[in-house]
Amino acid sequence: MAVGDSQFQLVTFQLGEELYGVDIMDVKEIVKIQNVRPIPNAPYYVEGIFNLRSEIIPVISLHKRFRIAQIEQDDEDEESQGGFIILNIDGIKIGIIIDRIARVVPVRSEEVKPPPQMLSGIGTEYIHGVIRQESGYLIVLDIRRLFNPKDLQKLIGSDR
C-alpha cells in the first residue's frame with residue numbers, strides 16, 4: 001500500500017473463518033488449485049512448487065504459517081473452491097493457498113485501524129491493519145513482512 005494514498009483496493013479471501021486482504025497491486029492473478037510438488041527440506045509452511053505457464057511458483061500455506069484450520073470444501077459448489085493467489089513481491093512470484101476468494105474491495109486509508117496485539121494467532125508484525133465490517137473484521141496482511149527477501153531467496157533457490 002503506497003503511503004499517503006487515501007484510497008486503495010484489496011483482494012479479499014477467506015482462510016479458515018477469517019477474512020483477509022492483500023493490496024491488489026501485489027496480486028498477479030488468482031488460479032484454481034494446481035498439482036503441487038513437495039520440496040525436500042523446505043520450511044514447514046511451504047507446500048511445494050507448481051508450474052504456471054512454464055514458470056515455477058513456490059506455494060505457501062498460510063494455514064500452517066498462522067496455525068489456522070482449513071474450512072471444509074463443498075465439492076458441489078464451484079464458487080466455494082479454494083485456489084492460489086499469485087503474489088508478485090518485488091519481482092518474485094509466490095502462491096498462497098486460500099480457502100475461498102471473496103472479492104475486490106475499495107478501502108479508504110482512514111478505515112484501516114492498527115491491529116490488536118494478537119489476532120487469531122497471527123503475530124501483529126504480519127498485519128498492516130484491520131477494517132471493521134458488518135460481519136466482523138477484514139485483516140489486511142503486510143506481505144512484505146510476511147515474506148522477507150531472505151526467505152524468498154531460499155524458496156526460489158539460486159536460479160535467479
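Let me begin with Phe13, which is buried at a relative accessible area of 0%, where buried means under 20% relative accessible area with a 1.4 Å probe and protein chains only. Please keep in mind that this is a predicted model, in which local features need pLDDT of at least 70 and side-chain atom pairs count only at pLDDT 80 or more, while totals for chains, interfaces and linings use all residues. Residues are numbered from 1 along each chain as its sequence is written, and side-chain values use heavy atoms, with hydrogens and water left out.

The structure holds five aromatic pairs, a pair being rings of Phe, Tyr or Trp (its six-membered ring) whose centres lie within 6.5 Å. One of them joins Phe13 and Tyr20, at 6.1 Å centre to centre with 25° between the planes, and is stacked, the word for planes under 30 degrees apart. Tyr20 is buried as well, again with a relative accessible area of 0%, and Phe13 and Tyr20 belong with Phe66 and Tyr126 to one aromatic cluster.

Tyr126 also has Arg65 over its face, at 5.2 Å from the ring centre, where the rule asks that CZ of Arg or NZ of Lys be within 6 Å of the ring centre and within 35 degrees of the ring normal.

The side chain of Asp26 makes a polar contact of 3.1 Å with that of Arg144, the term covering, within protein, a donor and an acceptor among N or O atoms within 3.5 Å, with sequence-adjacent residues counted only if both atoms are side-chain atoms.

How values were computed. Rings of Phe, Tyr and Trp (its six-membered ring) pair if their centres lie within 6.5 Å; planes under 30 degrees apart count as stacked, over 60 as edge-to-face and the rest as tilted. Buried means under 20% relative accessible area, exposed over 50%, partly exposed in between (1.4 Å probe, protein chains only).
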